[in-house]
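Morning, everyone. Please bring up the model and keep the sequence beside it.

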Amino acid sequence: MRSLTVSDLPPADTCTPTRWIPLAAARPAMSPAWRRWVGSRDSLTLRLTEAGAPRAFRVQLLDQRLGTPRRDEARALGIAHGQRAWLREVALCLGERPWVVARSVAPLAGLPEHELARLGERSLGSWLFRQPDLERGDIEVTSTPAGFHPAVGPWGRRSVFRHGGFRVLVQEWFLDAMADDLGLPSR
């Protein structure tokens, strides 16, 4: 099977907007097992590493660039639609299997470029959760696929993180491979 490259996918800023709802509104449709994953406010990197052991955790960088966020992303960050931002798309893998795909969007104002440019194939969470003044906004969820990666799964979530003058929208989609490997229910 040929491996997928970023150029094989449509640009994320042209994908259909994602419909997000508050976590509380999705709870009735979500199993308790998925509520523990989707509703967790701690480091997803750490949770995946622990759940996937002894398989090695790794971040596969799919794309990182300056670009235009989708309308729903700009709205979540409180920036004008069409305003350029830092965009990063990754797959969080256990062994060679992607369990989660993530898309992060940050306004250029307040962007700690020197920190983010050095992330490479490390998770954004490995940096974010070391910030002593980190604040996390409310979690919203979706059942719409990520749009920038072909794998699908039952749930996506997003929230805005704030650290000083920096803010970033982190969107994470839990994939069917994760559900299969952990024996999670379909929803």
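Ground rules. This is a predicted model, so local features need pLDDT of at least 70, side-chain atom pairs count only at pLDDT 80 or more, and totals for chains, interfaces and linings use all residues. Residues are numbered from 1 along each chain as its sequence is written, and side-chain values use heavy atoms, with hydrogens and water left out.

Start with α3, residues 44-52. Helices here are DSSP runs of H or I, at least four residues; strands are runs of E, at least two; both are numbered from the N terminus. Leu44, Thr45, Leu48 and Gly52 are buried in α3. They sit on the same side of α3, because their arc around the axis is only 100 degrees, taken from the directions from the helix axis to the C-beta atoms. Buried means under 20% relative accessible area, exposed over 50%, partly exposed in between, with a 1.4 Å probe and protein chains only.

Next, the loop between α3 and β2 (57-67), where proline 54 sits. The peptide bond from alanine 53 to proline 54 is cis, with omega about 10 degrees. Most peptide bonds are trans.

Now salt bridges: a side-chain nitrogen of Lys or Arg within 4 Å of a carboxyl oxygen of Asp or Glu. The count is 12. Arginine 55 pairs with aspartate 181 at 3.3 Å, N to O. That links the loop to helix α7 (residues 176-182), 126 residues apart. Arginine 97 also bridges to aspartate 181, at 3.0 Å. Arginine 97 is in strand β4 (residues 97-107), so this pair ties together parts 84 residues apart in sequence.
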